[in-house]
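User: Hi! Could you walk me through this model, one question at a time?

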Amino acid sequence: MTTFKGKGVYSAAAMGRIRVFRRQGAQVRRQKITDTAAELLRFEKAKAEAIAQLRKIYEKALREVGEANAAIFDIHIMMTEDEDYNEAITEMIKSQSVNAEYAVAVTADNFAEIFASMDDPYMQARAADVHDISNRIIDCLTGNRGDSGITDGKVIICADDLAPSETVSLDKSKVLAFVTAHGSSNSHTAILARNMNIPAIIGVGEDFLDIINDGDTAIADGSTGEFILNPDDETVLNYERRQQEEAEKKELLRKLKGKENITKDGRKIDIFANIGSADNIGAVLLSDAGGIGLFRSEFLYLESSDYPTEEEQFRVYKRVLESMAGKKVIIRTLDIGADKQAAYFNPEKEENPALGVRAIRLCLNRPEIFRTQLRALYRASVFGRLGIMFPMITSVWELQEILELCREVKAELSADGTEYSGDTETGIMIETPAAALISDRLAPMVDFFSVGTNDLIQYTLACDRQNPKIERFCDPKHEAVMRLIKFSAENAHKHGKWIGICGELAADTELTEDFLRMGIDELSVSPSFVLKVREKVRNTDLANKR
Ligand code: PEP
Ligand code: MG
């Protein structure tokens, strides 16, 4: 048994036979040609064929992974038609009298190098796209069709790397998992694997290709990033036990997927999902959540070694909004500080960090950071249905200052001629007793509330959420917490606003009925709890007096 560690890009596991993906791309050789006009014609014909193939792949992707993810093949078509790219190829054919295959291969290397040298990881990942389109044109020139090597049964596809078009072109019904030596989690291959719901691990390193053989057995575990070659009996047993648990979850999914979140007496609520990264979207879509109730945007900052730029943030928010295809997405602004620290913020030492410069306090103290995020959010708002949520609110003046900043940012965007959606909702987290107690004053100023029970419990019961020694003093169902939630719900509704819960308590099905009776409109939970909560809602009868 040999274990390789890579990066899981879709959290599911599969066990089966390996098939090494062989790219049949012919070795490209430099050849002198005499008739450059004929060679240019050959190139144009191959390019037209490549575009026709890409159109077909786009259609397949549209059916299998949705419009937002199919869009990459539209981009591939545009790249294939790109003026600079085409000029570089045709100029080389004309000026050097070389064969089209060689001109395409050299141009691909040059363009890919430019992308790879860029600072932005998203742009770096585009190098693979240039190679993908160029290999397609070369295959069209040589008449090569490519072959996944899959003949019968389902297999784990192992490859050096996979291009997006290769990923989509594989017969999904025959693929158990993808494992690649290289690749980045930003690559479209990773995104597609996620959206095809196929276990996938990238970047296990080149060594694995020297050891594996067609027909070997392996376990690919996308949740841990482990690729286990020739697993021993105990590992197989463990795997089978976990798969059994997964199968039970899937059965629940099958029964409840597409069903409404409705009580026996007809009360409907929204069940949304919490995420910490755009990479969790696949899990959200699979969970059948009605939207995203909490995107903890601070992880974007925590994963970064410097302040993420407006452009970097815009791209992430846009991707999330597009992937959710019109479903509501609530993005919480930066909630850094306390237990979530990044060195480049240069945090000062504090006696009580949970009571210190965290979340909205940091944003209001350092408005330049906040403005960058707000600009990125409003710019992204046109790509879906966005709600912006502010954490750690305690006072009316804070919210006034925040809303003023939002107005300024929107005015700046309008002045630049940059679009934003006028339907963008703004809301606050109710996670301090102060916010709950003045919720009657805050409700008229926003579109919604979302209760952050993790912090509301900590601040109401004076219990540090990080300290395991005080757990018995920290009853999450404490009457004081319940009263604050109920009071906030009453005030939200008095002012015609909706209220959700996005803290961990939202997933506690012992409390679902209580929350419904309080009038909670939305529960936002981690994707794996969506169906459990749906099941509970559907088994609840609020007409039964307690
Ligand atoms: C909460 O406090 O309940 C919450 C959702 O925010 P976080 O856990 O990120 O502090
Ligand atoms: Mg919180």
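Predicted model: local features only at pLDDT ≥ 70, side-chain atom pairs only at ≥ 80, totals over all residues.

User: Which residues of α13 does α11 meet, and what is the handedness of the crossing of α11 and α13?
Analyst: From α11, the residues involved are Glu-310, Glu-311, Gln-313, Phe-314, Tyr-317, Lys-318 and Leu-321. On the α13 side they meet Thr-372, Gln-373, Arg-375, Ala-376, Leu-377, Arg-379 and Ala-380. The crossing of these two helices, α11 and α13, is right-handed.

User: How are α2 and α3 oriented to each other?
Analyst: Helix α2 (residues 83–96) and helix α3 (residues 100–116) have axes 9 Å apart and pack at an angle of about 135°. That angle makes the relation of α2 to α3 oblique.

User: Which residues of α3 are met by α2?
Analyst: The α2 side contributes Asp-84, Tyr-85, Ala-88, Ile-89, Met-92 and Ile-93. The crossing of α2 and α3 is right-handed. The partners in α3 are Ala-100, Tyr-102, Ala-103, Val-104, Val-106, Thr-107 and Phe-111.

User: Are α1 and α2 roughly parallel or roughly antiparallel to each other?
Analyst: The axes of helix α1 (residues 36–81) and α2 cross at roughly 155° and come within 11 Å. Residues of α1 that meet α2 include Leu-40, Phe-43 and Met-79, while those of α2 include Tyr-85, Ile-89 and Ile-93. The crossing of α1 and α2 is right-handed. With angles over 145 degrees counted this way, α1 and α2 are therefore roughly antiparallel.

User: Which residues is Phe-390 in contact with, leaving aside its neighbours within four places in sequence?
Analyst: With those neighbours left aside, the contacts of Phe-390 include Thr-333, Ile-360, Phe-370, Leu-374, Ile-402 and Cys-406. The list also takes in Thr-426, Gly-427, Ile-428 and Met-429.

User: Which residues coordinate the magnesium ion, and how many residues apart in sequence are the parts they tie together?
Analyst: The magnesium ion (ligand 2) is coordinated at 2.0 to 2.2 Å by Glu-431 (OE) and Asp-455 (OD). Glu-431 is in the loop between β13 (425–430) and α15 (433–437), and Asp-455 is in helix α17 (residues 453–460), so the two tie together parts whose separation in sequence is 24 residues.

User: Are Glu-431 and Asp-455 buried or exposed?
Analyst: The cut-off for this class is under 20% relative accessible area. Both Glu-431 and Asp-455 are buried.

User: Is Pro-199 buried or exposed?
Analyst: Pro-199 sits in the loop between α6 (188–195) and β6 (200–202). Leaving aside neighbours within four places in sequence, its contacts include Tyr-10, Leu-176, Phe-178 and Ala-220. At 8% relative accessibility, Pro-199 counts as buried.

User: Where is Asp-288, and is it buried or exposed?
Analyst: As a rule, most residues other than glycine have a negative phi. Asp-288 has a positive phi, near 65°. Its place is the loop between α9 (281–287) and β10 (291–296). With a relative accessible area of 17%, Asp-288 is buried.

User: And is Ala-325 buried or exposed?
Analyst: Phi of Ala-325 is near 40°, a positive value too. Ala-325 lies in the loop between α11 and β11 (328–332). Its relative accessible area is 66%, so Ala-325 is exposed.

Key:
Residues numbered from 1 in each chain as written. Chains lettered and ligands numbered in written order. Heavy atoms only, no water. Donors = N, O, S within 2.8 Å, 3.2 Å for Na, K, Ca; no water. Helix = DSSP H or I, 4+ residues; strand = E, 2+ residues; numbered from the N terminus. Buried < 20%, exposed > 50% of the residue type's maximum accessible area, 1.4 Å probe, protein only. Contact = heavy atoms within 4.5 Å. Axes fitted to C-alpha atoms, helices over the stretch in contact; angles between N-to-C directions. Parallel < 35°, antiparallel > 145°, perpendicular 65-115°, else oblique. Left-handed = near helix turned anticlockwise from the far one by under 90°.
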